[in-house]
Amino acid sequence: PLLTLPLSGTFSARTPQQVTVDSEAANGDVKFADWDKFHFAPIRESAVSRAMTKRYFADLDKYAESDVVIVGAGSAGLSAAYVLAKNRPELKIAIIEASVSPGGGCWLGGQLFSAMVLRKPAHLFLDELNIAYEDEGNYVVVKHAALFMSTLMSKVLEFPNVKLFNATTVEDLITRRDETTGELRVSGVVTNWTLVALNHDTQLCMDPNTINASVLLSTTGHDGPFGAFCAKRLESLSGDKHKLGGMRGLDMNLAEDAIVKGTREVAPGLVIAGMELAEVDGSNRMGPTFGAMALSGVKAAEAVLNVFDE
Ligand code: AHZ
């Protein structure tokens, strides 16, 4: 056999509703010849619905009050989530991603070429994640960007203190005036199903949901249909205080340093990282080199904790 799995034998029932299945196959390894006798343990369709919905609603309830909300599950947001979740297992971290598929623009290295370039010292983050690369001197190359993204994503999702709400769009921010300082603080997000957010014009009333958070980390990428979401909101949040710079042309050397250096708490309670920062600060884009996304995420985790621990 190509693969030896202990598929035959008895599936034990944990509750009376679950049926015990005695496989007709003799105990031992299933060989190809045994596929005729193969069957799954039976299930009632409602059990599948309940298995999904009860967990989702329990998560909605649990994360309605989150410690950290990360908007956008691209390379910057997920890098930050990894560092935060690993170092602070007691924090509740909700990740809100507009797309059905998390990962942002990071499934290919650039255009349709799959290898992914990261300039040093971002290779240290790859070492942390145990991702192999070729060392080219000042930069390293991962054989496929999807290897980076899938590894990062699987590690983030394994942390028990992280919940990813995908197909969910952040439509607006919750703001509160601080009673002592009078400052306007970002204190959560207004969310909606992405399919609803895309169709507001065609629906009469599809009100949103909310999540309160102590700190918001926005990593929604540069301007686009949903992108640069919090950056754009900054202007209306604080009047003249925040004039958006708007992303500038491509310069890999300037852009990557600027993004990592600029990663910070931009408004009270709101940290911005990744390419969204280029819209805030008017810095360059870097194109297909991803070191700044990883390290901006690492720095954002520090910035988030500084705000959280204030
Ligand atoms: O779907 C978006 C993507 O997955 C998600 N997103 C955007 N707006 C959202 C909203 N609510 C929820 N309102 C939202 N989710 O945010 C994610 C952003 O991921 P990204 O990969 O686009 O951004 P990043 O900053 O992590 O990485 C940027 C990568 C780039 S762009 C670039 C260039 O253009 O020069 N170079 C690099 C390395």
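This is a predicted model: local features need pLDDT of at least 70, side-chain atom pairs count only at pLDDT 80 or more; totals for chains, interfaces and linings use all residues.
Residues are numbered from 1 along each chain as its sequence is written. Local features need pLDDT of at least 70, side-chain atom pairs count only at pLDDT 80 or more, totals for chains, interfaces and linings use all residues, and side-chain values use heavy atoms, with hydrogens and water left out.

The protein has nine helices and 15 strands (DSSP runs, H or I of at least four residues for helices and E of at least two for strands, numbered from the N terminus). Of its 310 residues, 43% are buried (under 20% relative accessible area, 1.4 Å probe, protein chains only; exposed is over 50%). Among contacts (heavy atoms within 4.5 Å) with a separation of 6 or more, 69% join residues 24 or more positions apart.

Helices α2 (residues 75-87) and α4 (residues 145-158) cross at roughly 40°, and their axes come within 9 Å (lines fitted to C-alpha atoms over the stretch in contact, with angles from 0 to 180 degrees between N-to-C directions). The contact involves S75, L78, S79, A81 and Y82 of α2, with F148, M149, L152, M153, K155 and V156 on α4.

Helix α7 spans residues 252-262 and buries A255, E256, I259 and G262. These residues lie on the same side of α7, because they cover an arc of only 150° around the axis (taken from the directions from the helix axis to the C-beta atoms). N253 and K261, on the other side, are exposed. The cover over the buried residues of α7 includes β5 (116-119), β13 (264-267), α8 (276-281), β15 (284-285) and α9 (291-308).
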